[in-house]
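Work through the exercises below with the sequence and the model open. Try each task before you read its solution.

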Amino acid sequence: MNTAGINHRGLKKLLLYLALAAGALYAGFPVLWMACASIKSNREIFSLPPRLLPEAVNFDAYKTIFSTPEKMRFFLNSYLVAGCVTVLTLLFAILAAYSFSRYDFRFKKQLNLFIIATQSLPPITLLIPYFGLITTLKLYDTYFALIFTYMVFTLPYAILMMTGYFNTLPRELDEAVMVDGAGNFRALWRVLVPISRPGIVSTGLYTFLISWNEFLFALTLTKTTKMRTVPVGIQQLMGQHSYEWNEMMAMSILGCLPILLLFLFFQRNFIAGMTAGSVKS
Amino acid sequence: MAQVTGAAVTGARLKRLATPYAYLFPTLMLMALLMVVPMIMVVQYSLMDNVITNKHPQFVGLENYAKVFQDEVFLEAAGHTLYFTVMSVIFHMVVGLMFALLLNSKLLGSVPKAIFRAVYVLPWMFTATIVAILWRLLLDPSGVINYILKFTGLAQSYAEWFGSSATALNAVTFVNIWAGYPFYMVSLLAGLQGVPADLYEAAMIDGAGSVRRFWHITIPQLMPIIRSISMLDFIWTMQVFPLVWLTTGGGPIHATEMLSTYTYKLAFSSYKFSLASASAVVILVFSLAIAFVYVKYQKARD
Amino acid sequence: MKRFLSVFLTLMLLLSLSSVSALAQEDVKIEFIQWWEPELPQGFLRGLMDEFEAQNPGVKVELISGPYSSTKDQIIAGAATGTLCDVVGLDGAWVNDLSKQGAIANLDDLVAAYKTDDSEFGAKVSVGGKNFMYGVVTFAYTMFVNNDMLKAAGIADVPSNRSEFLAAAEALTNADKNQYGWVLPLSLQSPNGIQNDTMSWVWASGGSMMNKDGTPNVNNPDVKEALTFIKDLYDKGVVSPGSFSKQEQDKVEEFVNGRIGTMVDTLAHITMIRERNPQLDFSVSAVPAKDGYDGKRGMVYAAWGIGVSENSQHKEEAWKLVNFLLNSDVNARLAATANAFPGNSKAAPDYSKADPLFTKAFEIYQQSYACNEFVGLPVAEELMRIFAEQFQGALEGKQSIDDCLAAVQEKWQAEF
């Protein structure tokens with residue numbers, strides 16, 4: 001009886017790991033290829049038959065990036081903008097989600113629709129009127145132009161996500177705090193927010209990524225090289241006559257490393273124990 | 001006996017009425033300023049002729065819309081966009097859910113869990129330009145994917161994934177699925193961890209197997225999240241541009257033409273901004289319809 | 001929480017300050033938008049600007065460099081909102097549309113206003129008789145040939161007419177070894193393949209796709225012959241697979257890796273090919289003409305052009321920069337560094353440090369005439385795309401060459 005139980009469990013575990021490995025291949029192989037390409041010479045990337053691992057490891061792409069201050073500044077700009085966008089979006093979204101979740105008011109449905117609807121125009125057509133607006137507001141070629149623009153793209157999802165989270169938390173929680181005399185604002189920050197950490201983390205991550213990877217508005221709303229972000233920097237390597245393939249790959253890899261670390265760090269900290277029935281009444 | 005004056009009551013009531021709006025105020029202000037204004041301008045453009053290229057555009061009403069709907073390329077693009085979007089959303093969900101379930105398994109230790117989680121989230125970390133270029137290299141006729149397929153005997157010859165009208169649309173959809181599933185995976189994983197454990201325990205006591213538990217507990221619990229991310233993803237995917245543009249440019253011969261590439265070409269290649277605006281407004285209306293249905297459903301549930 | 005907020009607010013304040021640039025009040029600052037800086041050696045273009053600033057005290061030049069593919073969009077958006085840079089790097093294909101938009105200035109007016117002698121400035125692009133762009137440097141396209149592959153296939157001479165080319169391409173092709181005779185990039189995303197790889201055959205034989213009055217005449221025997229020839233190559237399997245999504249950059253990489261025997265390409269790539277594959281033995285020759293043609297051959301070119309924004313507040317300084325880049329000394333240096341031909345007809349670039357192939361190409365160039373009928377046409381990129389779409393259909397066998405050309409002619413006329 002015992003051995004059968006263990007075997008069954010062992011088989012399940014084996015199947016699980018096989019599935020996990022297959023998934024890892026699907027998700028990770030292209031990225032692995034990208035990483036290898038970043039340490040190959042441009043010519044080797046196109047060699048036939050294609051090889052995964054480089055014949056001659058070549059760090060020139062990385063050397064070029066690290067030794068060019070303009071390129072390093074791209075990374076700084078991207079992080080700065082993405083960081084600010086994340087913090088501000090979470091702030092605005094938590095407030096808005098509290099409103100949608102805990103209150104019933106006249107224009108609730110319409111406002112909800114409005115916020116989602118702002119996603120619905122293809123950015124490419126918004127480009128020219130948007131550009132005109134930003135110039136009129138004298139925000140052209142500033143960090144603020146990018147920060148505010150990205151917030152408009154990230155807020156709808158953030159609000160949706162946070163509203164959903166707050167909806168799963170029963171009102172007894174709020175009331176428990178408010179009975180002690182605290183206002184609803186306090187109920188929000190003291191109670192709801194800490195419990196919604198998994199939601200906040202995944203929303204924050206998503207917001208950061210959207211902001212980090214955005215290209216079109218980063219290109220249009222910035223003018224000088226010192227304001228540009230990583231995606232623009234990558235596109236600049238796509239010259240009229242030739243591409244610097246390995247440098248493009250290297251910039252991508254460099255870009256994703258810190259985000260990956262951030263992701264690992266936050267997930268470890270907040271996932272464990274959040275399921276531990278914190279809402280048991 | 002507490003005496004409350006009329007003014008105090010009205011004051012308190014006003015405060016209560018205004019509070020939800022106050023919480024929404026920062027968001028609304030930002031959206032109104034930075035979105036509504038340009039949107040109105042685009043709608044305006046769509047009702048005029050010779051916008052941007054001509055300093056004195058004239059009002060032409062719905063003429064641009066008529067032209068756009070009569071263009072067979074537009075209709076083709078609409079069809080492709082629908083196919084692309086629906087397939088993407090479905091498979092994003094399937095792959096995302098599969099990975100989320102795998103990662104949520106209790107049989108998985110915390111260290112392997114962290115490693116696999118990081119690997120699965122990788123496709124998300126790269127800007128659309130790089131994803132497009134990377135897959136163009138991988139799916140090149142003499143690229144590594146074809147080589148592996150031939151080597152393992154799964155294919156007879158080198159397929160032209162992006163270059164052939166038969167496979168281009170599916171190739172582009174495949175790449176989009178790869179690039180977009182982490183969004184679902186992360187949201188669903190967070191959702192899975194929010195499902196109360198006692199629900200499962202109760203079901204197990206009642207003798208429900210894992211499949212039944214999945215369909216009757218997991219899925220219903222995840223439904224709100226599934227609905228909202230599907231809707232958002234649907235709207236976003238309808239507008240996907242750099243991925244398609246940089247891999248196929250809408251070709252071969254319109255095989256992968258999407259509403260977004262169609263609009264872009266009208267605007268920046270033909271300089272017909274009025275028509276491009278009309279096309280954009282059409283996309284806007286479709287998206288609004290979906291958003292409307294979603295919000296209505298939400299209201300009904302509440 | 002409070003501390004966090006105050007730190008955050010301070011950060012935001014710092015951000016807003018950092019965006020303000022400090023500039024001496026007396027300096028006139030002009031902006032020059034182009035895509036050339038990343039294509040030139042690091043610091044070269046900036047060095048030229050510094051020279052200009054030294055010669056013109058009180059004027060500062062800011063280089064706005066962007067990716068080539070987005071520069072056109074940026075210029076359009078900039079022109080539409082009145083924020084276009086003073087000096088504008090241009091591609092001949094954009095001139096017609098930008099001039100209609102009123103974005104770029106009529107350079108003849110500036111010549112008159114500042115009494116400049118622009119007789120040496122070649123490669124003018126005019127629309128409706130008015131000049132809007134000067135070509136600063138031009139990149140010519142020739143046939144590149146992989147000598148190793150040619151020798152291995154037993155071909156002694158570089159093909160000089162179409163039938164020799166067909167024979168050579170067939171001999172060079174070996175599908176099992178993934179080697180092909182020729183390559184045709186027909187991607188719709190940037191449809192330059194029509195200009196560089198398709199129409200070049202027509203122009204090399206003295207043909208034309210336009211009427212003398214500037215209206216399209218695509219459906220003529222010269223064009224038909226060339227297209228039929230290319231379709232023949234395609235059907236015989238001598239063209240590298242994946243044409244419909246292939247771009248110019250892919251074409252070059254395949255050549256560098258010895259997978260293609262010949263390609264029509266820009267001379268700007270000579271340096272790049274040498275860097276990527278120093279062992280490759282290749283040469284350049286004129287694009288083969290049709291059999292029996294011995295007239296002057298047209299040579300495709302692409303130019304780095306320059307113009308002035310119509311809304312510029314500093315037209316005088318902008319004009320000075322344009323003249324600076326076009327004077328024979330600076331122009332010669334720029335051309336030599338960029339591996340291009342000078343826009344100034346009197347300039348004598350020092351090609352001694354350049355690749356010997358480049359000198360050979362220059363000789364070919366001097367015996368040909370520069371020819372690119374897409375320059376100056378309205379919506380030139382869209383015209384190329386229309387042609388590419390129809391031609392793709394013909395190559396796939398979905399329509400005949402006649403139908404293809406008739407469709408192109410019809411659609412083009414709608415644009416004129």
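A polar contact is a pair of N or O atoms within 3.5 Å; within protein, one atom must be able to donate a hydrogen and the other to accept it, and residues adjacent in sequence count only if both atoms are side-chain atoms. By this rule, 11 residue pairs, both at pLDDT 80 or more, are in polar contact across the interface of chain B and chain C.

This is a predicted model: local features need pLDDT of at least 70, side-chain atom pairs count only at pLDDT 80 or more, and totals for chains, interfaces and linings use all residues. Residues are numbered from 1 along each chain as its sequence is written, chains are lettered from A and ligands numbered from 1 in the order in which they are written, and side-chain values use heavy atoms, with hydrogens and water left out.

**Exercise 1. The interface of chain B and chain C**

Task: How many residues of chain B are in contact with chain C, and how many salt bridges does the rule find across the interface?

Solution. 

Step 1. Count the residues. Contact means heavy atoms within 4.5 Å. On this rule, 28 residues of chain B touch 29 residues of chain C.

Step 2. Take the area. Buried area is the accessible area (1.4 Å probe) that two parts lose on being put together, summed over both. For chain B and chain C it is about 2500 Å². Carbon and sulfur atoms give 48% of that area.

Step 3. Look for salt bridges. The rule asks for a side-chain nitrogen of Lys or Arg within 4 Å of a carboxyl oxygen of Asp or Glu. It finds 2 across this interface. R136(B) and D250(C) form a salt bridge, with the closest N and O atoms 2.1 Å apart.

Step 4. Locate the side of chain B that touches chain C. Helices (H or I, at least four residues) and strands (E, at least two) are DSSP runs, numbered from the N terminus. In chain B, α10 (242-247) and α11 (259-268) each supply at least two residues of this side.

Step 5. Sort by class. Ala, Val, Leu, Ile, Met, Phe, Trp, Tyr, Cys and Pro count as nonpolar, Asp, Glu, Lys and Arg as charged, and the others, Gly among them, as polar. The side of chain B that touches chain C has 12 nonpolar, 11 polar and 5 charged residues.

**Exercise 2. The interface of chain A and chain B**

Task: Which helix of chain A gives the largest share of the side that touches chain B?

Solution. 

Step 1. Count. 99 residues of chain A are in contact with 91 residues of chain B.

Step 2. Take the area. About 8800 Å² is buried between chain A and chain B, and carbon and sulfur atoms give 82% of it.

Step 3. Check the polar side. There are 0 salt bridges between chain A and chain B. Polar contacts come to 7 residue pairs, both at pLDDT 80 or more.

Step 4. Name the helix. Helix α1 (residues 2-38) of chain A supplies 18 residues, the largest share of the side that touches chain B. By class, that side of chain A has 76 nonpolar, 16 polar and 7 charged residues.

**Exercise 3. Two residues between chain A and chain C**

Task: Is E253(C) buried or exposed? Which residues of chain C does S47(A) contact?

Solution. 

Step 1. Apply the cut-offs. Buried means under 20% relative accessible area, exposed over 50%, partly exposed in between (1.4 Å probe, protein chains only). E253(C) has 1% relative accessibility, so it counts as buried.

Step 2. List partners. Leaving aside neighbours within four places in sequence, E253(C) contacts N42(A), F46(A), Y243(A), W245(A), M272(C) and R276(C). With R276(C), the side chains make a polar contact at 2.9 Å.

Step 3. Turn to S47(A). S47(A) lies in the loop between α2 (42-45) and α3 (60-67) of chain A. Its relative accessible area is 19%, so S47(A) is buried. A polar atom of its side chain lies 3.0 Å from the backbone oxygen of E44(A). Beyond neighbours within four places in sequence, S47(A) is in contact with N257(C) and R259(C).

**Exercise 4. The fold of chain A**

Task: How many helices and strands does chain A have?

Solution. 

Step 1. Count elements. Chain A has 13 helices and 0 strands.

Step 2. Take the extent. The C-alpha trace of chain A spans about 75 × 70 × 30 Å along its principal axes.

Step 3. Check burial. Of the 281 residues in chain A, 62% are buried.
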